[in-house]
Amino acid sequence: MKYYERIREIREDHSLTQQQVADLLHIGQRTYSDYESGKTRIPIDSIMILAKYYNLSMDYITGASNLKSQYPQK
């Protein structure tokens, strides 16, 4: 699964709108929409924010792994 498909799936699983996630990332809804459609690559710092927020590993969010593991604790 590609990362942009995964971030949409995760957002929908959490019953969030694109606007809510965009607000979390301090970006516009249209920019976030472009991330989910694959038009624009999501920056690594935004992936880190999503990983922490959803408590999911970056490997899972980026599609590098299908294992739904938690965000690593310090």
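Student: What lies over the face of Tyr60?
Tutor: That's Arg6, at 4.0 Å from the ring centre of Tyr60. Keep in mind as we go that this is a predicted model.

Student: Noted. How many aromatic pairs does the structure hold?
Tutor: The structure holds three of them. One of these is Tyr3 with Tyr4: the ring centres are 5.6 Å apart and the planes make 85 degrees, which is over 60, so the pair counts as edge-to-face.

Student: Is Tyr4 buried, partly exposed or exposed?
Tutor: Tyr4 is partly exposed, since its relative accessible area is 23%.

Student: And what sort of pair do Tyr32 and Tyr35 form?
Tutor: Tyr32 and Tyr35 are edge-to-face as well, with 75 degrees between the planes and 6.1 Å from centre to centre. Both of these tyrosines are buried.

Student: Why are Tyr32 and Tyr35 separated by about one helical turn?
Tutor: They sit three residues apart in helix α3, which covers residues 29–37, so about one turn lies between them. An α-helix has 3.6 residues a turn, so residues three or four places apart point the same way.

Student: Switching topic: where does Glu36 lie?
Tutor: Glu36 is in helix α3 too.

Student: Buried or exposed?
Tutor: Glu36 counts as buried, because its relative accessibility is 8%, and the cut-off for buried is under 20%.

Student: Which side chain has a polar contact with Glu36?
Tutor: The side chain of Arg11 does, at 2.5 Å. If you set aside the neighbours within four places in sequence, Glu36 is in contact with Tyr4, Ile7, Arg8, Arg11 and Gln18. So Tyr4, from the Tyr3 pair, turns up again among the contacts of Glu36.

Student: Nice. Now α4: which of its residues are buried?
Tutor: Helix α4 spans residues 44–54, and Ser46, Ile47, Leu50, Ala51 and Tyr54 are buried there. Looking down the axis of α4, these buried residues fall within an arc of 140 degrees, so they line one face of the helix.

Student: What covers them?
Tutor: The cover includes α1 (3–13), α2 (18–25) and α5 (58–62).

Student: What happens just after α4?
Tutor: Asn55 comes there, with a positive phi of about 55 degrees.

Student: Let's zoom out. How many helices and strands are there?
Tutor: Five helices and zero strands, so from the N terminus the elements run α-α-α-α-α.

Student: How compact is the protein?
Tutor: The radius of gyration is 11 Å, close to the 11 Å that the globule rule gives for 74 residues, so the protein is as compact as a globular protein of that length. Along the principal axes, the C-alpha atoms fill a box of roughly 30 × 25 × 25 Å.

Student: And what share of the residues is buried?
Tutor: Of the 74 residues, 34% count as buried. As for contacts between residues at least 6 apart in sequence, 46% join residues at least 24 apart.

Methods: Residues are numbered from 1 along each chain as its sequence is written. This is a predicted model: local features need pLDDT of at least 70, side-chain atom pairs count only at pLDDT 80 or more; totals for chains, interfaces and linings use all residues. Side-chain values use heavy atoms; hydrogens and water are left out. Rings of Phe, Tyr and Trp (its six-membered ring) pair if their centres lie within 6.5 Å; planes under 30 degrees apart count as stacked, over 60 as edge-to-face and the rest as tilted. Buried means under 20% relative accessible area, exposed over 50%, partly exposed in between (1.4 Å probe, protein chains only). Helices (H or I, at least four residues) and strands (E, at least two) are DSSP runs, numbered from the N terminus. A charge sits over a ring if NZ of Lys or CZ of Arg is within 6 Å of the ring centre and within 35 degrees of the ring normal. A polar contact is a pair of N or O atoms within 3.5 Å; within protein, one must be able to donate a hydrogen and the other to accept it, and residues adjacent in sequence count only if both atoms are side-chain atoms. Contact means heavy atoms within 4.5 Å. The arc is that of the directions from the helix axis to the C-beta atoms. The radius of gyration is taken over C-alpha atoms; the globule rule is 2.2 Å times the number of residues to the power 0.38.
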